[in-house]
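Trainee: I would like to go through this model one element at a time. Can we start with a helix and then move to the sheet?

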Amino acid sequence: MNDIECWLTDMDGVLVREQEALPGAAELLEQWRRKDLPYLVLTNNSIFTARDLSARLRNSGLVVPEDRIWTSALATATFLAQQVAPEQNASGSAYVVGEAGLTTALHEAGFIMTETNPDYVVVGETRNYSFEAITKAVRLINAGARFIVTNPDATGPSPEGVLPATGAIASLITKATGSEPYIVGKPNPMMFRSALNRLGAHSMNTAMIGDRMDTDIVAGMEAGMHTILVMTGVSSQASISSYPFRPNRIIDGVYELLDEPLDIDSEDARGSA
C-alpha cells in the first residue's frame, strides 16, 4: 500500500452505518489529514449538498471538510458543464427532479433551471417525487430534452424499510418515453474519473474503498484503481464469490488500514452487516 498516494472512499457502509461512525473511520480520516494525502468521500446520494453531508458526518464524529466530499450531483453537474458546446456562448438549461444537492450543483456549474425547452431533464434522489413533476419530465424528454440520471440505485434504506430511489423513478420515465438515460453515478467509472480530476490524481496511485461489489469495486476496477472491499456494509463472503471479478484486497473494516492498529474485535466491528 506504500505506492498509494490518493484515496477515494464510499461513505455509507464504509465510514458510517445508520449515522454512527464505524470503527477506525475517524482515525483513518485523521491519518490522511496528518500525512497530507489527497482524498474524497464519495456518495451516490444527490439529495444533500457537500456542506450538508459534512455537517451530518460531523454529527457522527467524523471530520470531513465539504471540499473533500464528492456526490453524484457534483459529478453530474461537472459532466453536463463539459457537455455544453463552447460555441453556444451561453449557459446550459435543465429541468430537475431532485433536491438541493442537485439544483445547487447545477446552479454552481452555470446551469439555468427551466421548464421551457431545457437542454436536459436531470433526475436525482428526492423524497418528494410528484406525478406532476414526472409527467413534466416525460413530456420534455419526448419534446427533445436529453435524459440524465445522477445514479442508478433503485432503492434506498430507511428505518422503516426500503424506499424507491432514483433508479426506480428513472425506469418509470424510460418506460413512458422509450428513452434510456445517461447515468453518471456509480457504477459508471465516470464518477470516479471526475473525482480523480478533482484531486489531480492518477488512477494508478489511487485506491478506492467500498462496500459494494456491484458499484464501488467494479467502477474502481474499470477506472484502473486499486480496490479495497470492506465487510462492514452490504457485501458478504458468499456474495463476493458470485461476481466474475475480485477486489485487490478484502478487509473487515477500515481500521485495518491504520498505521497503528486499533484494539478491536472483528465481529463487533462488522456488527450485523
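Trainee: What covers the buried residues of α5?

Mentor: This is a predicted model. Residues of α5 under 20% relative accessible area count as buried, and Ala133, Ile134, Thr135, Ala137, Val138, Leu140 and Ile141 are buried. Their cover includes the helix α6 (166-177) and the strands β6 (93-97), β8 (120-123) and β9 (146-149).

Trainee: How far does α5 reach from its first C-alpha to its last?

Mentor: Helix α5 covers residues 131-142, which is 12 residues. At 1.5 Å a residue, 16 Å is expected. The span in the model is close to that, at 16 Å.

Trainee: Which residue just after α5 takes a positive phi?

Mentor: Helix α5 ends at residue 142. Just after the helix, a phi of about 120 degrees is found at Gly144.

Trainee: Why is one side of β7 and of β12 left without a neighbour in the sheet?

Mentor: Five strands form an open sheet with parallel pairing, in the order β7-β6-β8-β9-β12. β7 (112-113) and β12 (182-183) stand at its edges, so each has a single partner strand.

Trainee: What is the bridge partner of Ala94 in β7?

Mentor: β6 and β7 run parallel and are joined by two bridges. In β7, the residue bridged to Ala94 is Met113.

Trainee: At what angle does α4 run to β6?

Mentor: Helix α4 (residues 100-108) lies across β6, β7 and β8. Angles are taken between N-to-C directions on a scale from 0 to 180 degrees. For α4 and β6 the value is about 170 degrees.

Methods
Residues are numbered from 1 along each chain as its sequence is written. This is a predicted model: local features need pLDDT of at least 70, side-chain atom pairs count only at pLDDT 80 or more; totals for chains, interfaces and linings use all residues. Side-chain values use heavy atoms; hydrogens and water are left out. Helices (H or I, at least four residues) and strands (E, at least two) are DSSP runs, numbered from the N terminus. The expected span of a helix is 1.5 Å times one less than its number of residues. Buried means under 20% relative accessible area, exposed over 50%, partly exposed in between (1.4 Å probe, protein chains only). Contact means heavy atoms within 4.5 Å. Two strands pair if DSSP finds at least two bridges between them.
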